[in-house]
Amino acid sequence: MYVYLYDNFLKHRRYESVIKAIETRLTEYGIAGKIIRLQHYSSAEMLIEDEIRKGVKTIVIVGNDTTIGHVLSRSASFDAAFGFLPVGPQNEIAQVLGIPVGVEACDVLAKRRKLRLDVGWFNNRYFVSQLHIPPSNISIIYDESFKVSSKSGNMELVVCNLKPFVWSGKNTEYIVHPQDGKLEAFLRPVYESKILRRHQFEIPSIFPFEEMVVSSKTPFPVETDCKVSKEIKVTIKLAKNRISMIVGKERKF
Amino acid sequence: MSMFASTDEFNPAQSHSSVPDEVETIVGPSVVVEGDFASDGNILVKGTVSGNVKTGRLLTVESGAKILANVKAGEAVISGEVKGNMRIDNRLELTQTARVAGDIFCDTLVIAAGALLQGKVTMQGLDIENSKNGKKLGTKRFKSVLGGEETVEETGS
């Protein structure tokens, strides 16, 4: 039995035809199910818990990177298979999972190629896409064995789980796809350009890890799956094989 | 499993001619690493590492980079500074800007003209008989490239 969680933005008229086509395709495959529309204040965790109690085995998230991040960060510990139907822009995670955007995603869902995926864990909650700490005076201890700091003091930290890391440098945009089995930490020290008198980023340092502790003397912001909090000490871990996810053949891991 | 995917995407290995495989760990130019540093994949050091470095694959230390402790790696290309002993399973290359102060143990050693090395070099494959007590010392085969010229010495045991 399938339950479909629709993001709130899908009620816009421009998505009407895609949604209609998706629903038709799902009916053809015989995997249509209950549709729940996520509102701004709806708790995905409670909704999913309730549906699993009723016997639902597959939860399908319909939306974009924000939707999948919002839902999975709260429900990664549930015993259900998760599917994803990406619709509209901002769908980088779908590319990593090998799921095409739009109606074709139904074909991947129907094939039910399930994999157990790792997710990131930080201060008692999960994150599936990225964890971002904007330039702050932080120091990092990796796997309880080595400490990383910057000569300039301030560093930006991005920890990637499913969402690729993108940065611009020398008029080129670089994309790094994270690998499964580890979290990747991308550290970019900030320095002041002598000519432009402007803060610029150094090329990123990359460290694959399973556990890291980020600390600072002053509070620093932490952004995960569109949620921001201020922290002084953050422990980031890899929760292995946490989510059962339906993925495509063209996945990047 | 490839970390850096597809042709139009970033591969730091391409920016360094002596790095044949993909780089999985990069220590940036102004980054300081303190403590024992181990990785399963290739390591590219552009900054400073004050602690033991261990990898089963390729270690690249770029010009201007520093490692201030012992090193253990599958292969290594050193263009920066290493103050500590190095134990390399296969090939160790010291380029012309390399500065090494420490003992080296490796299988194949390549030293470019201009590289500075202070320490004992031990290589596998060459057996030297000690005339006093008849004990075998050292290794059997010595192979190195000095300033572009390769010399190979072999001594029977």
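Chain A has 5 helices and 17 strands. Its radius of gyration is 19 Å, close to the 18 Å that the globule rule gives for 253 residues, so chain A is as compact as a globular protein of that length. The model is predicted. Chain A is divided into two domains, domain 1 (2–112) and domain 2 (125–240), while in chain B 6 strands form an open, parallel sheet.

**Chain A overall**

- Taken along the principal axes, the C-alpha atoms of chain A fill a box of roughly 60 × 40 × 35 Å.
- Of the 253 residues in chain A, 43% count as buried.
- Among the contacts of chain A with a separation of 6 or more, 72% come from residues 24 or more positions apart.

**The two domains of chain A**

- Domain 1 of chain A covers residues 2–112 and domain 2 of chain A covers residues 125–240.
- A distance of 29 Å separates the C-alpha centres of domain 1 and domain 2 of chain A.
- Where the domains touch, 11 residues of domain 1 of chain A are in contact with 12 residues of domain 2 of chain A.
- On the domain 1 side, the elements that give two or more residues are α3 (65–75) and α4 (92–97) of chain A.
- Of these, α3(A) gives the most, with 7 residues.
- By type, the residues on this side of domain 1 of chain A divide into 5 nonpolar, 4 polar and 2 charged.

**The open sheet of chain B**

- The strand order in this sheet of chain B is β3-β6-β9-β12-β15-β18, with parallel pairing.
- The edge strands are β3 (37–39) and β18 (121–123) of chain B, each of which pairs on one side only.
- Neighbouring strands of the sheet are turned by 10 degrees against each other on average, direction ignored.

**Pairing around β13 of chain B**

- Strand β13 (residues 91–94) of chain B runs parallel to strand β10 (residues 75–78) of chain B, and 3 bridges join them.
- V77(B) has E93(B) in β13(B) as its bridge partner.
- β13(B) is also joined by 4 bridges to strand β16 (residues 108–111) of chain B, again in parallel.
- L92(B) stands opposite L109(B) in β16(B).

How values were computed: Residues numbered from 1 in each chain as written. Chains lettered and ligands numbered in written order. Predicted model: local features only at pLDDT ≥ 70, side-chain atom pairs only at ≥ 80, totals over all residues. Pairing = 2+ DSSP bridges. Axes fitted to C-alpha atoms, helices over the stretch in contact; angles between N-to-C directions. Domains from an automatic or database assignment. Contact = placed C-beta atoms within 7 Å. Nonpolar A, V, L, I, M, F, W, Y, C, P; charged D, E, K, R; others polar. Rg over C-alpha atoms; globule rule 2.2 N^0.38 Å. Buried ≥ 20, exposed ≤ 12 C-beta atoms within 10 Å, placed from the backbone.
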